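Q: Hi! Could you walk me through this one while I have it open?

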Amino acid sequence: MAESKSAFEAGLANDLAKRKAQHLYRARRVVESAQQVEMRIDGHDLLAFCSNNYLGLANHDKLRKAAVAGIDKWGVGSGAAHLVNGHSSAHHLLEEELASFTGYERALLFSTGYMANLAVATALLARGDTFLQDKLNHASLIDAGQLCAAQFSRYLHVDMGSLEAKLSQSQADKTCLVMSDSVFSMDGNIAPLPAMADLCLQHQAQLAIDDAHGFGVLGLTGSGSREHFALTTRDIPIMMGTLGKAAGVSGAFIASSHEIIETIIQKARSYIYTTASPPAIAEAARVSLQLIQQESWRREKLQRNIALLKAAARENGWQLMVSDTAIQPLLIGDD
Ligand SMILES: *Cc1c(COP(=O)(O)O)cnc(C)c1O
């Protein structure tokens, strides 16, 4: 017989039941196949439209082989944090390759994009500084805003007037960091990065982009939204990219100048106090980077698929929101 529940658990059960009644209950679906076009999920054979595996690399033979060879060489676990003895030459080479691909001086690996975003905010901002974010930024950035010491404020979604008003209020002698999703993770629209870069330069603010849905996909070589808009690393001094979406692996990185990366290494608790991801994952990511650069047909095919989906939705009377990226929200109207 099950043990009786505590009053605390009974209270939680009550809250959970309310959530369910409001159709806000989140549930996992159990996947029984690798990430691919046709997947077996909760006992059904389905076509996958919802993964972030935009380039079909998550189950690519070359990545699988690199991961297996990586395990044969390095074992499974990294054993420690990067600043102890968990920073392998596989991680180190991947960082150099990421820096060279994205065009920044340095790149720094993280286990997740969530932790990378936390690191940017907590390492670079102090009490009295200002942190400005788009209202529809990813939850990890919103959390980073709440956890860092700076004054955190959100401007209206992609509204440059709203951003400028907040920039003019920031203190001249303090750091002001503006951070935005480049491709918004729910709506799929792209932030007006050229205008944002201009405003930030005018107001001597730092601009950081979360390129989780741009890296691998946008730009001629797939290096992300900075390449898409032909902006310089002066325009966008800090970029966060993830390796679990288009790159098909796991983890994330920050690309920036030597000074900014070193400051993050020295100060970011979400970098210092966590175990490095397995070196085999870095080996797979290195191969993914090569395929992203060499096989531009994957980006072309993605664009054709986006056009195909949009046309089919139109024919069927489905309402898609305005987006040219791989994120195509279908408007249903309620939860
Ligand atoms: C997925 C995502 C993240 C988090 O990255 P993880 O590596 O999954 O933790 C951060 N920002 C945006 C915009 C994302 O879509």
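Q: Which atom of the ligand does His-138 sit by, and at what distance?
A: A polar side-chain atom of His-138 is 3.4 Å from a nitrogen atom of the ligand. That is a polar contact, meaning a pair of N or O atoms within 3.5 Å; within protein, one must be able to donate a hydrogen and the other to accept it, and residues adjacent in sequence count only if both atoms are side-chain atoms.

Q: And how much of the ligand does the protein cover?
A: On its own the ligand has 380 Å² of accessible area, and the protein covers 82% of that. Such areas come from the Shrake-Rupley method with a 1.4 Å probe; for residues, only the protein chains shown count as cover.

Q: Before I go on, what should I know about the model and the numbering?
A: This is a predicted model, where local features need pLDDT of at least 70 and side-chain atom pairs count only at pLDDT 80 or more, while totals for chains, interfaces and linings use all residues. Residues are numbered from 1 along each chain as its sequence is written, and side-chain values use heavy atoms, with hydrogens and water left out.

Q: Back to the ligand: what does the backbone of Gly-113 do there?
A: One of the backbone N or O atoms of Gly-113 lies 2.7 Å from a ligand oxygen. For Tyr-114, a polar backbone atom is 3.1 Å from an oxygen atom of the ligand.

Q: Which helix gives the most residues to the shell?
A: H5 does, with three residues. Helices here are DSSP runs (H or I, at least four residues), as are strands (E, at least two), numbered from the N terminus.

Q: New topic: is Ser-270 buried or exposed?
A: Ser-270 counts as buried because its relative accessibility is 12%. Buried means under 20% relative accessible area, exposed over 50%, and partly exposed in between (1.4 Å probe, protein chains only).

Q: Where is Ser-270, and what is it in contact with?
A: Ser-270 is in helix H11, residues 269–272. Setting aside neighbours within four places in sequence, Ser-270 is in contact (heavy atoms within 4.5 Å) with Phe-110, Met-115, Leu-118 and Ala-119. A polar atom of the Ser-270 side chain is also 2.8 Å from the backbone oxygen of Met-115.

Q: What about Val-76, buried or exposed?
A: Val-76 counts as exposed, because its relative accessibility is 58%. Val-76 is in the loop between helix H2 (61–74) and helix H3 (82–86). Its C-alpha atom is 7.8 Å from that of Pro-279, 203 residues apart along the chain.
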